[in-house]
Amino acid sequence: SSTVIPHVSAAIVDEPLFAALCNNFACFEDLHPSYIATLQGFLIIAYRTGMRPGEIAKLRLCDIEPSPTAWIFVRANRHGGNKTAAALRQIPLFPLFTETEKGFIADFIQHKRTNRSATDLLFHEAGNPLERIDTKALSIAVRKVLYDLTGGLHYTQYHLRHSALSR
């Protein structure tokens, strides 16, 4: 018999809390509006698809099919590998979004496609389309904002992933 007690964090981020999270990110005054859009886009994809942060961070423009469904092809590339063999998959992007989110992400992707190479990252550090977004910094910001919004509950960025199929 083991004295180890397993810890499972199974909190779900509901729709109002997610909307408040995105709205808080929109109010970051010290970030450029295009970088705020990058962060919000990352959060929307995390919340709606259940993709791992590392999978989203390595997405290139060519990994998103230019179609009405906008299939995402999760595959290894020079920006990162897959956690497991099962992580190699296809995800229908637009059917998972609200209409507002679909418009936001479609515009975001289209803007990136008109100004960048197909092999550039979708989500990248400001000014460098070849540098992955800092998921650790984003995770800290998400944790802090959710903590403040919930009055002290301990949410993490992974709770967005775990909430994806809860609706």
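Visitor: In which loop does Leu122 lie?
Guide: This is a predicted model, in which local features need pLDDT of at least 70, side-chain atom pairs count only at pLDDT 80 or more, and totals for chains, interfaces and linings use all residues. Residues are numbered from 1 along each chain as its sequence is written, and side-chain values use heavy atoms, with hydrogens and water left out. Helices (H or I, at least four residues) and strands (E, at least two) are DSSP runs, numbered from the N terminus. On that numbering, Leu122 lies in the loop between helix 4 and helix 5 (135-150).

Visitor: Is Leu122 buried or exposed?
Guide: Buried means under 20% relative accessible area and exposed over 50%, with partly exposed in between (1.4 Å probe, protein chains only). Because the relative accessibility of Leu122 is 0%, Leu122 counts as buried.

Visitor: Which residues is Leu122 in contact with, leaving aside its neighbours within four places in sequence?
Guide: Contact means heavy atoms within 4.5 Å. With those neighbours left aside, the contacts of Leu122 are Ile45, Leu59, Arg60, Leu61, Ile64, Phe108, Ile109 and Lys112.

Visitor: Which residues line the second largest pocket?
Guide: A pocket, on a 1 Å grid over the protein atoms alone, is an open set of points where a 1.4 Å probe fits, with protein on both sides within 12 Å along at least five of seven lines, and lining residues have an atom within 4 Å of a point. Helix 2 and helix 4 each supply at least two residues of this lining. The lining consists of His32, Ser34, Tyr35, Thr38, Phe108, His111, Lys112, Arg116, His124, Glu125, Ala126 and Gly127.

Visitor: Which helix gives the most to the lining of the largest pocket, and with how many residues?
Guide: Helix 1 (15-26), helix 2 (33-49) and helix 4 (99-115) each supply at least two residues of that lining. Among the lining residues are Glu15, Phe18, Ala19, Cys22 and Asn23. The one that gives the most is helix 1, with 5 residues.

Visitor: What is the volume of the largest pocket?
Guide: A volume here is the space filled by probe spheres set on the grid points, which are joined across faces, edges and corners. For the largest pocket, this volume is about 200 Å³.

Visitor: What is the phi of Ala70?
Guide: Ala70 is found in the loop between helix 3 (53-57) and strand 1 (71-74), and Ala70 is buried, with a relative accessible area of 1%. Most residues other than glycine have a negative phi. Although Ala70 is not a glycine, its phi is positive, at about 55 degrees.
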